[in-house]
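Hi,

Here is the structure I promised to pass on. Have a look at it first, then read my notes below.

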Amino acid sequence: GWSHRNLFQGGVGYEVGGVWGTHRLGATTGVSWLGFLSPRARSRASLGFLVEDEDAYRSQEARIDLVQSFRPRRRDILNLGLTISNTNVERTNPDASGIPESEGRLLEIWTDVKWDWTEDPLFPMDGGYFKTSFTVAPADFFSEIPYVAVQFDAAGYRAPLDPVVFAGRARLGWAKPLGDSTEVLATRRFYAGGYNTHRGYGRRKLGPLDDAGDALGGEFVFLAGVETRFPLVWILEAAVFADAGQVWDVPQNATLAGLPLAVGVDLDIRTPLGPVRGGYGWNVMNRIEGQPRSIFHFGIGYPW
């Protein structure tokens, strides 16, 4: 992406960006200008088009975003947004079940807030953050696939044995269809499994799967993780971790009993852009049938 915060003078800027990945293709363009109520506020209007090509479905989404951002102090941020979109979801495997083929309009009113008191965003050793987001697509008003969703994320870091760092995280999310809708749109469900969520499973392999073993997502998610990070030599670091959690199709089926638990080790290389790390995880408790007992993973940056 590229952006210029004062391209048209007077604090009016322009931005353009795109993404091309294994499961995602998209482009966006927009303008931004100085916001109101605060010298650190900014407004943005953008147009975007996104294609998701997942194992269970393929979606196309055209959207308009209006966002008002406030930065009350340091890295804390509050976003208030309005998104108008049209989404088309098609099952990749016509014989599979669980992903409803949907097409329709959405008007989403959303907000997310993040309080961040980490002393170093790339290599945190102290502090933490708390983030909450809320989205509603009201029923009986423009939205053809209405729903409501809320998510909470928290993480903390301590180094009582400096330079050894103890880190922990938790995530809780809930979504619900509204009005005449019976299921949340596939692109708005929760998914887990992979480097940033649960390192005992492959990407999106934690939670409901269809007959072909493809991820269906769910309406309720709980994740928790802890790890200990410590230096080795030069720019090398290591970590030992434990990840637990699950995604459920509906909140009524959620339970803390029988959560899949994985433990593992990571090896990190410190770079100016953050750690580059790879590791290995073992599923030691409540392994999901058909999933591997152990798995490699790779990522850039810490999982949280």
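Predicted model: local features only at pLDDT ≥ 70, side-chain atom pairs only at ≥ 80, totals over all residues.

Rings of Phe, Tyr and Trp (its six-membered ring) count as a pair if their centres lie within 6.5 Å; planes under 30 degrees apart are stacked, over 60 edge-to-face, and the rest tilted. With that rule, a search of the whole structure turns up 7 aromatic pairs.

One of them is tryptophan 2 with tyrosine 14: the centres are 6.3 Å apart and the planes at 55°, so this pair is tilted. It joins distant parts of the chain, 12 residues apart, with tryptophan 2 in strand E1 (residues 2–4) and tyrosine 14 in strand E2. Strands here are DSSP runs of E, at least two residues, numbered from the N terminus.

Tyrosine 280 and tryptophan 282 have ring centres 4.8 Å apart and planes at 75°, so they are edge-to-face. Ring pairs also link Trp115, Phe130 and Phe152 into a cluster.

Charges sit over rings too (CZ of Arg or NZ of Lys within 6 Å of the ring centre and within 35 degrees of the ring normal). Arginine 270 has its charged end 3.8 Å from the ring centre of phenylalanine 123, and arginine 229 is 5.9 Å from that of tryptophan 304.

Residues are numbered from 1 along each chain as its sequence is written, and side-chain values use heavy atoms, leaving out hydrogens and water.

Cheers

Definitions and conventions. Helix = DSSP H or I, 4+ residues; strand = E, 2+ residues; numbered from the N terminus.
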